[in-house]
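Here is a short tour of a two-chain model, meant to be read with the structure open beside you. Please turn the view as you go.

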Amino acid sequence: MQDLSFITDWIHNTLLSFLPGWATVTVECLFIGVGLLLVYALLALFYIYYERKVCAAFQCRLGPNRVGPWGLLQSFADMFKMLIKELIDLKHIDRFLFALAPYLVIIASMMAFAVLPWGNGLQIVDFNIGIFFLIAVSSIGVLGILLAGWSSNNKFTLIGSLRSGAQMVSYEISIGLTVVTMVCLSGTMSVGGIVAEQSDLWFIFKGHVPALIAFVIYMIAGTAETNRGPFDLPEAESELTAGYHTEYSGMHFGFFYLAEYLNLFIVSGVASLLFLGGWMPLHIPGWEAFNNIMNYIPSVVWFIGKAIFLSFIIIWFKWTFPRLRIDQLLALEWKYLMPISLVNLVLMVLIITFGWHF
Amino acid sequence: MATITEKIGKLFPQATVATVDGVPQVSIDDKDWHALAEALRHDADLDMDFLVTIVGMDWTETLGCIYYLESTKNHLLCSVKVTTTDRENPMLHSVADIWHVAEIYEREVYDFFGIIFIGNPDMRRLFLSIDWKGYPLRKDYDEDPALNPISIESERQSDTTDTYVELPDGKIEKKTVEIFGKDDFVVNIGPQHPATHGVLRFRTAVDGETIKKIDVYMGYIHRGVEKLCEKLNYPQTLHYFDRLDYFSGHNYHHCVCNLIERAAGIEISRRAKVIRVMMDELGRIASHCLFMGTFCMDLGATTMLFYTLRVREQILDIMDKTCGARMSFNYECIGGLMADIAPDFREDVKALLAILPANLKEYDKIFTGNVIAKNRMEGVGYISKEDAVAYGVTGPSGRASGWACDVRKTHPYSIYPELDFEQVTATEGDSMARFKVRMREIEESAKILAQLVDNIPEGEYCVKVPKVLKLPVGSWFEMVEGCRGTFAVYLESDGSTKPYRLKIVPPCLPLAAAVDYMTSGQKIADLITIGGSLDYIVPDMDR
């Protein structure tokens, strides 16, 4: 498996050769910041295009096909439109919180990017509580949504944001429990460690039934966490016009829009980290030749490929199912998903204790 | 019919009974009207439980109302005429306590004629703005635009309503009632809202996610069609009937044409009759397809819209070829049809019938069987058969509650008696039942089309009709089954070329008026489900 850390090491050493230590770190942080923003923007554009095409396929349509070849430039055109749109100044709003909310949402999703296992040696920070950090920062997003709904001084946004608050706080329990289940199996909270543990077999195969159950629960809770259909109640367009971001315009709206797509990527990315081995290629014990061939596919491709595949499933949900009602949504979490994840956690611990996993 | 005449003659000797257009018409004084209404409603033989409509009338010396009643048991019609000579301060007794739907119908009469109904809990303007001057359907209405200028101010809201109560000593007292409580959290769902299917406004008082009360605010697309019709000659009035419920254009035209042809004594060819029925049923399939698509979209299942629109497009193409339009067809005319069917009409209909069963199966699989859809629809917006009748919820929505109210069966018109089709009913009375009834109605319509497609007789598509059409003095009442329920037209002629009064009875007005009752205590999301499953069309209720 090609370790890409030689690139990062080379940059680090080159900078150190003519800069003092503190300046090196500063320059590297800047590079990473710019790189991250670039990846962020490109991924968002890709996802917008991707969802449109996938959705069009479900609906017997073609999707974007006019701007650029196969409509590839459509999302770029949309981005520029969004950038040059006016930020409408509203009366009777809490200006500071209103302006702060979209940044909170976008910062939450950007910080989660820092610990994703992009490739072999291509992780921004790898510390021993990586997955814990990820859960923590992704919860900041709900604060942004609540603020957006509250500060807009609008009844639709208020109902939308309260729905969103209830929904995200509830579903984080399931997410947390499934993550703990998988952490039990891996024995580490470090993202790099979790990936390394899956070098022989991915957790979804290794962990037996509890891993499969955890995967299903994670995908459901993750969809709810991203506020996507069939859990898109916070912005249920047929009930609350646009939910918590009804009053936002221009790029402020754009931030919410981007964050939604990037959260989709993060949820899929974390799912691939926990269940499908992160950047780890598909290895099957005993099949050495097969494993070697798999190793030739770059680790970055593995990670992004898995994430996009899992996103496809989530998009598939959205364009197939009708929306749940708020009480049904909360009942699903508190009456079904949470008890099942708790039992599942015990099951996983038993399996590990008795060594029944592969 | 004899029983009605006899019975009323016995109970109310002061009332006079005549037969107008085959329907017994009782004329009675206002002071006895409420007692008569009670008798008509509760008498075991008469059992007039369905108030079809209230026609407000201005006969220049007198103002009054004609109430059309129907018994849901034997489908006998009966009408009651109540008049008042007081033009300054006309008052009649309300029957809203006997038939729920009277509440909204009386508001409509008040809006157009200024007749106050004693005992109606909500005497506000219905369609016109609250500071409108004059009552437009009165014959002495002043149309000077200076009186009612177009306002550039925001429209004033009515947060209170008036109600007139009769005190024991016979005096009438006016009371002002607040619509919402002081602490109610009122959300405006509409007028510009994706789920109201038009420009309709629900002022919704919510407690968290639970709905406490809904005040339906309509009139945003009120065009005064009834008033406009009084200035047009008969063939001209037809054009408005495509623009009420724009998905039932054929059915509505059919109704008015039948009515005018009956009044003028015109007999149309069988070819025209068959084509009219075929167009009605094609329109019904298209309308129900669109209902399924938009209803699923309201519930968040956007993809379904594209699947149902695919079928609807095929129907619109058939219409386009024959009528030259995809909407506002203006195809049926007095005496028959505007034009003959397109040469490949038969092949197109057959192609449609061939693809329908597979598509319906697919809809069932993708949506009706879905567990989320079931949870969202089953038990939501329940309305019992009795309530459906009392609120005048007709059409597929009423049939879902077990009320067999299909006019094609209860008051057969055109060639429907010869056709073999079922009246689709269900007993659940919830949103799921309303959805399923419509799905099955598509099958029944397809059955009708299959019977007719190879049996379109030769003949002329339009018979000769006098260039200037005058109707004799009299009044007529005609009902058809629109795509959303019972559609009726009341016409009164003074012998000229223009209608003296043309009253449209839209099925969607009672549907919208029943929303408050059906949503009370449910969630906000259920309002969307219920509204969607009732499938009202706003231009139809606003006219």
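In chain B, the domain assignment gives domain 1 (2–142 + 162–174) and domain 2 (225–542); such bounds come from an automatic or database domain assignment. This is a predicted model, in which local features need pLDDT of at least 70 and side-chain atom pairs count only at pLDDT 80 or more, while totals for chains, interfaces and linings use all residues. Residues are numbered from 1 along each chain as its sequence is written, and chains are lettered from A and ligands numbered from 1 in the order in which they are written.

How far apart do the C-alpha centres of domain 1 and domain 2 of chain B lie? The separation is 28 Å. Contact between the two domains of chain B involves 20 residues of domain 1 and 22 residues of domain 2, where two residues are in contact if their C-beta atoms, placed from the backbone, lie within 7 Å. On the domain 1 side, strand E3 (residues 50–58) of chain B supplies the largest share, 6 residues. Helices (H or I, at least four residues) and strands (E, at least two) are DSSP runs, numbered from the N terminus. That side of domain 1 of chain B divides into 14 nonpolar, 4 polar and 2 charged residues. In this grouping, Ala, Val, Leu, Ile, Met, Phe, Trp, Tyr, Cys and Pro count as nonpolar, Asp, Glu, Lys and Arg as charged, and the others, Gly among them, as polar.

Chain A has 15 helices and 0 strands, whereas chain B has 18 helices and 17 strands. The radius of gyration of chain B is 23 Å, close to the 24 Å that the globule rule gives for 543 residues, so chain B is as compact as a globular protein of that length. For chain A, the radius of gyration is 21 Å, which agrees with the value near 21 Å for a compact globule of 358 residues. This radius is taken over C-alpha atoms, and the globule rule is 2.2 Å times the number of residues to the power 0.38.

The table sets out further values for each chain. A residue is buried if 20 or more other C-beta atoms lie within 10 Å of its own, exposed if 12 or fewer, and partly exposed in between, with C-beta atoms placed from the backbone.

| Chain | C-alpha extent along principal axes | Buried residues |
|---|---|---|
| Chain A | about 65 × 60 × 45 Å | 43% of 358 residues |
| Chain B | roughly 70 × 60 × 55 Å | 48% of 543 residues |

Contacts also reach along the sequence. In chain A, residues 24 or more positions apart account for 79% of the contacts with a separation of 6 or more. In chain B, 65% of the contacts between residues at least 6 apart in sequence join residues at least 24 apart.

Where do the chains meet? Here 23 residues of chain A are in contact with 24 residues of chain B. On the side of chain A that touches chain B, helix H11 (237–240) and helix H15 (326–353) of chain A each supply at least two residues. The residues of that side of chain A divide into 9 nonpolar, 6 polar and 8 charged.

Within chain A, one helix pair is worth a look. Two packed helices are described by the angle between their axes and the distance between the axes. Helix H12 (residues 250–275) and helix H14 (residues 299–318) of chain A pack at an angle of about 115 degrees, with their axes 8 Å apart. Axes are lines fitted to C-alpha atoms, for helices over the stretch in contact, and angles run from 0 to 180 degrees between N-to-C directions. Among the residues making the contact are A:Leu264, A:Phe265 and A:Ala271 of H12(A), and A:Phe303, A:Leu310 and A:Ile314 of H14(A). The residues of this contact divide into 7 nonpolar, 4 polar and 1 charged.

B:Leu77 is found in strand E5 (residues 77–84) of chain B, and B:Leu77 counts as buried because it has 22 C-beta neighbours inside 10 Å. Leaving aside residues up to four places away in sequence, B:Leu77 touches B:Val23, B:Tyr68 and B:Glu70.

Most residues other than glycine have a negative phi. A:Cys60, in the loop between helix H2 (21–58) and helix H3 (74–84) of chain A, has a positive phi near 60 degrees. A:Cys60 is exposed, with 11 other C-beta atoms within 10 Å. A:Asn153 has a positive phi of about 55 degrees and lies in the loop between helix H6 (140–151) and helix H7 (155–186) of chain A. With 15 other C-beta atoms within 10 Å, A:Asn153 is partly exposed.
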